[in-house]
Amino acid sequence: MKINWKVRIRNPQFWMTVGLSVITPLFAYYGITGADLTTWQSVWTLIMDAVSNPYVLALIAVSTYNAILDPTTASLSDSSRALTYNKPKRDEC
C-alpha cells in the first residue's frame, strides 16, 4: 500500500477530512453539540471517555480509514499518477 503522505499532509482538505472523521463519531455517539464543549474540562472529559471506550475508538478508526482512502483507485494505494505529485494537484476548470 503506497500513499503519497508528503502531499496529503500539505493539503488542508485532508486535515479537515481527518478531523471530521474523529469529531463526528464522538459527537454522534455521545449526543453532544459544539455548545456542550464550553470548557477545557468538558473537552478533556470527552476525550477520556472516548479513549476508554473500545466501540468509540473503533468508530473513529473506521471513519479515519475511510477518510484516508482514495475512492478513485481500486486498491488501498494512491494511483501511480498521484504518487508522482510533489504538492496537491489543483483542478484546472
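Visitor: Is aspartate 78 buried or exposed, and what is its relative accessible area?

Guide: A residue is called buried under 20% relative accessible area, exposed over 50%, and partly exposed in between, using a 1.4 Å probe and protein chains only. Aspartate 78 is buried, with a relative accessible area of 9%. Before we go on, note that this is a predicted model, in which local features need pLDDT of at least 70 and side-chain atom pairs count only at pLDDT 80 or more, while totals for chains, interfaces and linings use all residues. Residues are numbered from 1 along each chain as its sequence is written, and side-chain values use heavy atoms, with hydrogens and water left out.

Visitor: With which residue does aspartate 78 form a salt bridge?

Guide: A salt bridge is a side-chain nitrogen of Lys or Arg within 4 Å of a carboxyl oxygen of Asp or Glu. The partner of aspartate 78 is arginine 8, and their closest N and O atoms are 2.4 Å apart. Arginine 8 lies in helix H1 (residues 5-8) and aspartate 78 in the segment after H4, so the pair ties together parts that are 70 residues apart in sequence. Arginine 8 is buried as well, at a relative accessible area of 13%, and the structure holds one salt bridge.

Visitor: How many helices and strands does the protein have?

Guide: Helices (H or I, at least four residues) and strands (E, at least two) are DSSP runs, numbered from the N terminus. Here there are four helices and zero strands, which gives the pattern α-α-α-α when read along the sequence.

Visitor: In helix H3, which residues are buried?

Guide: An α-helix has 3.6 residues a turn, so residues three or four places apart point the same way. In H3, the buried residues are Ser42, Leu46 and Ala50. They cover an arc of only 70° around the axis, which puts them on the same side of H3; the arc is that of the directions from the helix axis to the C-beta atoms. On the other side of H3, Trp40, Gln41, Trp44 and Val51 are exposed.

Visitor: Against which helices do the buried residues of H3 pack?

Guide: Packing is read from contacts, where contact means heavy atoms within 4.5 Å. The buried residues of H3 pack against helix H2 (12-30) and helix H4 (54-68). Elsewhere, threonine 64, which lies in helix H4, touches Ser21 and Val22, not counting residues up to four places away in sequence.

Visitor: Which residues make up the largest nonpolar core?

Guide: In soluble globular proteins, nonpolar side chains tend to be buried together. A nonpolar core is a set of buried Ala, Val, Leu, Ile, Met, Phe, Trp, Tyr and Cys residues joined through side-chain atoms within 4.5 Å. The largest one here has six residues in all, namely Leu26, Ile32, Leu46, Ala50, Val56 and Ile60, and H3 and H4 each supply at least two residues of this core. One of its members, isoleucine 32, touches Leu26, Phe27, Leu37 and Leu46, not counting residues up to four places away in sequence.

Visitor: What radius of gyration does the protein have?

Guide: The radius of gyration is taken over C-alpha atoms, and the globule rule is 2.2 Å times the number of residues to the power 0.38. A compact globule of 93 residues would be near 12 Å, but the protein has 16 Å. Along its principal axes the C-alpha trace spans about 45 × 25 × 20 Å, and buried residues make up 25% of the 93 residues.
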